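These questions and answers are for a reader meeting the model for the first time. Look at the sequence and the structure, then read on.

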Amino acid sequence: MKKTFLGLIVAMFFVSGCSTTMQKKDYSAFYAHSPRSIVVVPALNNTTEINAPSVFASTITAPLAERGYYVFPVYLTDILLKDIGLSEAGHIHQLPPSRFLDLFGADAVLFVTIVDWSTKYILISSSVVVHMKYELKDTRTGLSLWQGEQRAVRSSGGGAGGVAGLIVMAIDAAITAMVVDYMPLARQANQQVFLPSKGLPVGPYNPEYKTDQSKF
Amino acid sequence: MNKQQICLVVISLSTLLLCACAPKSLFYWGDYETSISDRWVENDNDIGEQHLQQTITAAEQSGSKVPPGLYADYGIMLYRRGNPDGAIAYFDKERKTFPESRLLMSKLIDKIHEKQKKTPTQDSQSILGEEKKP
């Protein structure tokens, strides 16, 4: 009895392991709907850092547009959503994707959740982390076209030797604690997540359009 | 090393060089990122508008492509500053440059025309205001 139970658990592990890897490689929904335009709605913030969504919003347009998509201007998007009473990201993320076809004429909508946005101190070294989850949905069918997850980390300290070095680093960490610049990390994460082999196949404004399937 | 091996090394080296050259920007971005963070993170609309305007001018002068959304973004800044005609001109530029934006840009232009026909409203900040649902 115990053995069958154990076997079942092991089998379940295998099954779930398989399904996630297969999901990552499945681009059939994406290719079936091949969006040209993407609207990025305000990010859902699961952290305590209040500036995270706006820093994120500043760095999302270029990476996505450089993949070849028409990206609706994030600032205008935010204004228009607020104009019709949609100012809560939590509320916006609950809307049916078709709403963004009606409102913007967008082929797809990108929902982003900020999972981590923090600076951690371990002894005299610090590490800055940003971590996001991305989901692209088709506005006509509501289908999920692509999902991604990206973490970017910058570590500092722990390199220089000697007591003087330690003191300098401690002061350095204390100063940077007040003004941590998350922008480069947000930019880095947003660039990496759309690249092959797990990212977004390129869109119509990229010369590689429709010829990059082999990279995914 | 025989001839074949040398050939292979040469080919792979040249591919590497080609790859390194390949990732060229599709658009001219200038200070666009800064412009958004000026407005959104620093809450400074004037500097944000300046950075946006400079980026558009530099892109047009450099002969590079203006990125998607910049004309529309500038249009909404003009609108909120009380310049609806300027806004219409830039929304029109956006839809001509990027057909994907046509539906939204046309809707915004229509809304501004509608508002202009009415007597000047107190609420000049909001464009889609009327669509508000309870």
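**Contacts between chains and domains**

Q: How many salt bridges are counted between chain B and chain A?
A: The model is predicted, and side-chain atom pairs count only at pLDDT 80 or more. One pair joins the side chains of A:Arg187 and B:Glu33, at 2.6 Å from N to O. Between chain B and chain A the count of salt bridges is two.

Q: What area do chain B and chain A bury between them?
A: The contact involves 38 residues from chain A and 38 residues from chain B. Carbon and sulfur atoms hold 65% of the buried area. The area that the two chains bury between them is about 3200 Å².

Q: Which three residues supply more of the area that chain B buries against chain A than any other three?
A: Together the three supply 24% of the area on the chain B side. One of them, B:Glu33, also meets A:Arg187 in a salt bridge. The three are B:Glu33, B:Trp40 and B:Glu100.

Q: Which helix gives the largest share of the side of chain B that touches chain A?
A: Across this interface, 11 residue pairs are in polar contact. On the chain B side, H2 (32–40), H4 (70–80), H5 (84–97) and H6 (102–117) each supply at least two residues. The largest share is six residues, and it comes from H2(B).

Q: How many residues of helix H4 of chain A are buried?
A: Buried here means under 20% relative accessible area. Helix H4 of chain A spans residues 74–83, and among its buried residues are A:Val74, A:Leu76 and A:Asp83. Of its 10 residues, the number buried is nine.

Q: How many salt bridges are counted between domain 1 of chain B and domain 2 of chain B?
A: The domain assignment gives chain B a domain 1 (25–66) and a domain 2 (68–118). The side chains of B:Lys93 and B:Glu60 meet in a salt bridge, 3.3 Å from N to O. Between the two domains of chain B the count is three.

Q: Which helix gives the most residues to the side of domain 1 of chain B that touches domain 2 of chain B?
A: There are five residue pairs in polar contact across this interface. On the domain 1 side, the elements that give two or more residues are H2 and H3 (45–62) of chain B. The most, seven residues, come from H3(B).

Methods:
Residues are numbered from 1 along each chain as its sequence is written. Chains are lettered from A and ligands numbered from 1 in the order in which they are written. This is a predicted model: local features need pLDDT of at least 70, side-chain atom pairs count only at pLDDT 80 or more; totals for chains, interfaces and linings use all residues. Side-chain values use heavy atoms; hydrogens and water are left out. Contact means heavy atoms within 4.5 Å. Buried area is the accessible area (1.4 Å probe) that two parts lose on being put together, summed over both. A salt bridge is a side-chain nitrogen of Lys or Arg within 4 Å of a carboxyl oxygen of Asp or Glu. A polar contact is a pair of N or O atoms within 3.5 Å; within protein, one must be able to donate a hydrogen and the other to accept it, and residues adjacent in sequence count only if both atoms are side-chain atoms. Helices (H or I, at least four residues) and strands (E, at least two) are DSSP runs, numbered from the N terminus. Buried means under 20% relative accessible area, exposed over 50%, partly exposed in between (1.4 Å probe, protein chains only). Domain bounds come from an automatic or database domain assignment.
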